Amino acid sequence: MATAKQLYQLQEIDLDIDSRKATLSSIESQLGESEGVLEAQRRIEDKRARLKQLGALQRDEEWEAQAIQSKAGPVEKKLYGGTVRNPRELSDMQDELNQLKAQQRKHEDVILELMSQAEDLQREIEGDLDGLRRMEADWYQEQERLFRERDRIRAELSTLEETRAARAAAIDAESLALYESLRLTKQGAAVAKAERGMCQGCRISLSMNELRKAKSPQELVHCGSCGRILYVS
Ligand SMILES: [Zn+2]
């Protein structure tokens with residue numbers, strides 16, 4: 001027959017093991033890729049794609065401006081070349097030239113606007129990259145810390161498991177089975193201290209008879225209210 005003290009000491013170890021296991025699983029859930037970093041990388045990729053689009057639009061505009069330039073050049077040459085003297089014809093040529101120049105200015109305005117958008121976007125991307133690098137460095141540092149923490153807790157757990165095995169080996173099978181089944185139904189606390197006349201598991205007062213019996217090492221006494229094994233230290 002095990003004493004309440006033995007079971008209480010076993011429970012102390014088990015609660016320690018429980019809390020380390022909870023910490024371990026929380027650490028493991030934080031290991032791996034960072035949502036924030038992935039999101040920042042996606043945003044930068046989107047902006048780079050947009051920058052590429054702006055570049056393509058700019059090249060289209062330049063090409064069109066160039067085409068107009070190659071039409072306007074000969075008209076201008078002819079207009080000022082002195083070979084055409086007919087005022088009507090000269091006036092038509094002037095109109096054509098004005099029209100072409102107006103078209104060209106429109107394209108040039110668009111090109112300037114696209115260039116300015118591209119510059120802004122490039123600056124934004126550089127800022128985002130700085131932010132991403134900082135985020136990655138922080139993430140890396142945090143992951144390192146978590147790995148170290150995980151290794152430390154794993155080592156502690158293995159020591160605790162050894163101590164637990166030694167303590168459990170000294171307890172008879174029947175008491176151990178009772179303890180285990182109570183732990184399942186009592187949120188891990190099968191044994192409760194009896195202090196100041198109360199069961200510390202359910203905070204309900206114990207009768208003199210319960211207290212007296214709980215002090216005796218001869219039997220395991222259960223709290224009349226919550227059913228936990230009582231331990232008087
Ligand atoms: Zn109780």
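Trainee: Is Asp16 buried, partly exposed or exposed?

Mentor: Buried means under 20% relative accessible area and exposed means over 50%, with partly exposed in between (1.4 Å probe, protein chains only). At 33% relative accessibility, Asp16 is partly exposed. This is a predicted model, where local features need pLDDT of at least 70, side-chain atom pairs count only at pLDDT 80 or more, and totals for chains, interfaces and linings use all residues. Residues are numbered from 1 along each chain as its sequence is written, and side-chain values use heavy atoms, leaving out hydrogens and water.

Trainee: Which side chain meets Asp16 in a salt bridge?

Mentor: A salt bridge is a side-chain nitrogen of Lys or Arg within 4 Å of a carboxyl oxygen of Asp or Glu. Asp16 meets Arg20 at 3.7 Å, N to O. Both lie in helix H1, 4 residues apart, about one turn of the helix. Helices (H or I, at least four residues) and strands (E, at least two) are DSSP runs, numbered from the N terminus.

Trainee: How many salt bridges are there by this rule?

Mentor: The count is 23. One of them joins Glu156 and Arg152 at 2.7 Å, N to O. Asp14, Asp18, Arg164, Glu180 and Arg183 are linked in a network.

Trainee: What is the strand order in the open sheet?

Mentor: Two strands pair if DSSP finds at least two bridges between them. The order of the 3 strands is E2-E1-E3, with mixed pairing. The edge strands, E2 (198-199) and E3 (229-231), each pair on one side only. E1 (residues 191-195) and E2 pair in the antiparallel sense over 2 bridges.
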